[in-house]
Amino acid sequence: MKPRSGPYDVALAAAALLCCCGCPSKPAGPPTPPPAAAPARAAIDCATLWPQKNLAVGLLENEKYAEAAQAFQEIAAATPSDPLGSRNLVIARLQGFKSGQASLAEAEAAVEEMLAREPQSLAAWWLAARVAVTAVEQSPEGSERDALRQKAVERFDRALALNGDIAALHYELFDALRYSTSPDQLDRSRRALQEAQRLAPENLFVLSDLLAVQAEQQDAGIAQSLSQLAQVAAPLREGVQKRARVDVQNLIDEATAAATAGTWPVVNARVRALGAVLRPEEQAQSDRRRLMPHPLEFVLHDFQATTCLPSSQSVPTLTMPTLTRSQLVAPLDDLGELRGMTTVDFNLDGRMDIICVGAKSLVVLQQSETATWGAAAQWPLAAEYNRLVAVDFDRDATEAAGPRPVEICQDADPDVLAFGPGGVLLLRNDVDENGQRTLSNTLADQPLGEIRDVLAATPADFDHDGDLDLVLSTAAGIQLWSQQGALRFVDVSAQSQLPPDGPPFTKVIAVDLDRDVDLDVVVVGPDAPLGWLENLRHGELRYRDLLEGAGSSTTQSLAVIEADGNVSWDLVVGKSDGLGLLLSDTPDRGTIRFRQQSAIVRNAGDNLSAGDLNNDAAMDLLFWSAEGMLCILGRGDGTFSPAIKLDAGPVVDAALADVDADGDLDVLAMTAAGFALHRNELAGEAGWLTVRVRGIEDPQSGRVNQYGVGSLVELRSGGRYQAQVITGPTTHFGLGSQSQVDSLRVLWTNGVPQVVMNPQPNQSVCERMALKGSCPYLYTWTGERFEFFTDLLWAAPLGLQLADGVLAPSRPWEYLLVPGEACQPRDGRYELQITEELWEAAYFDQVELLAIDHPADVEVFSNEKVGPAEIAEMKVHTVRQRRTPVAARDQRGRDVLDQIRGIDGNYLKAFDRELRQGLTEPHYLELDLGPLEQPQRIMLFLTGWIYPTDTSLNVALSQDPDLDGPRPPSLWTPDERGAWREVRPFLGFPGGKTKTIAIDVSDAFAAGDYRLRIATTHEIYWDAAFFTVDEPPADVRVTPLKLVAADLHPRGFSQPHLPRPNAPETYDYSQVSTQPKWPPMAGWFTRYGDVRELLETTDDRLLVMASGDEVTVTFAAPPGELPAGWRRDFFLHNVGWDKDADLHTVYGQTVEPLPFVEMSRYPYPPDGGPADSAAYREYLRLYQTRAQSAATFWRGGDVVSP
């Protein structure tokens, strides 16, 4: 067995990806000498050592560093000549040192032992340098720090002596010395940075740092670096202009001109501006990750062959299921020569059908109740097509009636995509007036229909706007076509960095390859390198070589599977000489490293399919060509059984599908003579689960495509992990001997996860998609318990797009009414819980509680609307006499007065049709205030809540010519002739959960007619409407309460609850789940503990909360008693912002850039950032030190093993 090692060992230069089927790796250093004869190993118990090693690696990957260190210490002691235990112990100690679970002395002791075993290992010296750098970061300035920094330099030098051609190694040396006070070390730092840029000339992050150093040093070489940046950043220019409203090329030109003129202050300003707009971009962040390898990339996974091999007794014996072959009898005469096929339930009758394409026509073969086959639909062909895909493109599921939420399991009929030399044909699946299935061409008048010579195609929502786009590989190269509503496709290839001209790709697969919750595309071809289109979000992709310089590997077939259960995608690659397996690790979000290759079979084959044929919870393979078909059973540990040849003859195409619906996958083979069905007789011998997800609870919500194509499905059962990408209506899992499934998680293509606990085996699961929501929650003490009250920061979104390139304004302050009965004293103080429970980051600059004391016969209200400051100014609105309208109607004339008469939770839904989530048909609430005697001031109060769109939906709507985005509430009144006219186009709206907004409507009416309409297409539900007339302000006493404590800590997620139809969701504070719920955001959050000083005043020192966090804020009660006949309510005054992690939110996947109160916009302009003061830098150093754990989300804190 070939030992598995990290990608930075001495034998490799930049990656551990090897050729697929036994070809040698390309060494980057001196070849490893052949091992000596294996010594006697009587003292080593390999049967015990291997599972102990697997457990230790699992502990390390799950960030249980102290336990991992103990395990590796024992392994190192048991294997004194093997590097695995000592190397991995250093990694555990290093990570433990960073997180406070280990000391520097423990880490250094482990380093000493590692270097004794691996004195010529690049990875060992690199890790040793990392330990010294971490010690520098945690030490105060002084002689000790200088000595540690020098130790780091010496260790980096030892690593560079072994291989000086790794850009990341030079960059880490630069980073270790960049803040040194030693002139010699600063000079060395600059030279290391220049070398990193020479080795990685297209790395945007390196270029950004180099430009900053050159500008500071007034280095004339900056002109060349700026020229290089112009080339690297050119593909980003349009996107950055849209998101940051800055022209990158203009900044480069101005910096170049200033450098030529020697005006270095201008050069520095422009270089800082370039860094400010480019470094937050996903391309720059991806380049940064390539410069800073995660410590887990250095992990050794296998012992040396001379130490210990896996026991052959542990290799399970796999039994091939019985496959009974029969020839399908089907009407094939009109097809001509058979070329391709796919299986799907075309007519939604619960039975699998076959769609096949031949030289003359495309035919849908429908399976009857008696398993006979007949033609259900047919399309004559005038051109050649040879491959098929069947998924729903047009969202034509039947609408469900009833209030939200509705537990439904809708089906949308699959449409048919055919491609080949004739181009692309997209046939819409419809039902005519007689109930018969029909096909219609949707591309006849579109440019997409004019494409020819299509070699490969896949549907993929690569721009994450909720509908399926198309990735095509043609003879002319890769093309990206974005669907922009109603099956209209636009070529957006120019937005991406696609592969250079070269041999074409013949297979494309959409998958989130690097586990950063956006959809990438893997591409292969018989004469092309193995590559991928890395998703940079916002509809932009970048081609990268998966080999990263470690050689080339041409491939003609491909499957992406989870082969060894380690929560990282593996690749099965087919070549002319057989199948190979590439195993990988994903140590952090956005990072995948291939660590081992192995040959599976050496038989020739052209095509490949994967599925669990024997239901043993491990993926199996079908590999076929004109020479026949092979079946290869997987063991789930990254190994496979010997191939078994099926009696199939020359195979044209094949599929794994449960044709007879008995819970196991059958093999359907297309030959020149027709179809051969190899019926699987496994049923009942092993458990199974068929997952039928539904990406939307109604067909128009638009959040994700109907079948969730491209989404990830994960299954955990008995400590075993399985994962598949959804490619059609059903996804089949085998369960082996497990009788209980622990959890099923769907990670939708919009990044939102959804978990089903304990789904029952041997059945289908239909799961509707949950909401991701927005904004932090407030819980108040009501006397006996904490109860949910409302959500916060709705007026202050960051990076929210109202349309593509149109960002929402942000108002950082709010004043929210908290009635006294909802906020009772606890031990003489007022205690509030603010939680972050959604996929977002919350930024609080100040949290202040104001006591509002007033006569008991007076109600008080703030103005809780979302809108600009001029319509939402802070004011205590007092109400002595509520007036109810004499009449209330909706746009269809229905009497709704009873529903809006009082704040009672009986919400009015004035609209009948939802067009998308948060977008409805035009609707209004019409109020008749009745006869009024020359009023001078009329204040209208509206209580309600809004169910919003999100950024991705807003972007999609802005691209859809048939739909407009939501129109916020506007005010209409009759003119003198009785005709309705708009008098105020924007009133603001209640932010999120139930809130009350105040509107001065005094000047809105024509004489004597006091009718008004609140019109909108937002999904708003009204609870109450009342008004006052000429009320003088009542006496109130406003007292700011002293913040005495604020503690930030982890908490989790409260149980949601829907109290009644049309009401907003609430949450039970007493029922909390601590399981990870949302994908991690990048960047630095506030460390746990005392954060009171961050919340006392508005000073731009922010409390930054992550998903699952809670901050407990405690306020002192005001002195003295209330006057007789008075009562106390509260206003909660917050200054802060909220940034959701929607994949279309600008910089939504990272905490930074941090907002500040005086910013003119977000993202702020390059010269408009927060003050770079010593106090601000100290705040960042002391408080912004916590990162979210990728392992916690992806592994759930459990040690996942095959």
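1. A nonpolar core here is a set of buried Ala, Val, Leu, Ile, Met, Phe, Trp, Tyr and Cys residues joined through side-chain atoms within 4.5 Å. Please keep in mind that this is a predicted model. The largest such core has 102 residues, and the members that touch the most others are Leu571, Phe844, Leu1095, Val1111 and Val1113. Strand 42 (residues 840-855) supplies the largest share of this core, with seven residues.

2. Leaving aside residues up to four places away in sequence, Leu1095 touches Phe844, Asp845, Gln846 and Val847, along with Leu1043, Ala1046, Leu1103, Val1111 and Val1113.

3. Next, have a look at strand 40 (residues 813-818). Of its six residues, five are buried, which leaves the strand mostly covered. Strand 40 pairs with strand 63 (residues 1126-1140) over six bridges, in the antiparallel sense.

4. Finally, a pair of helices. Helix 8 (residues 183-199) and helix 9 (residues 204-217) have axes that come within 10 Å and cross at roughly 140 degrees. The two helices are therefore oblique to each other, and helix 8 passes helix 9 in a left-handed crossing. On the helix 8 side, the contact is made by Arg190, Leu193, Gln194, Ala196 and Gln197. Helix 9 contributes Val206, Leu207, Asp209, Leu210, Val213 and Gln217.

Conventions
Residues numbered from 1 in each chain as written. Predicted model: local features only at pLDDT ≥ 70, side-chain atom pairs only at ≥ 80, totals over all residues. Heavy atoms only, no water. Buried < 20%, exposed > 50% of the residue type's maximum accessible area, 1.4 Å probe, protein only. Helix = DSSP H or I, 4+ residues; strand = E, 2+ residues; numbered from the N terminus. Pairing = 2+ DSSP bridges. Contact = heavy atoms within 4.5 Å. Axes fitted to C-alpha atoms, helices over the stretch in contact; angles between N-to-C directions. Parallel < 35°, antiparallel > 145°, perpendicular 65-115°, else oblique. Left-handed = near helix turned anticlockwise from the far one by under 90°.
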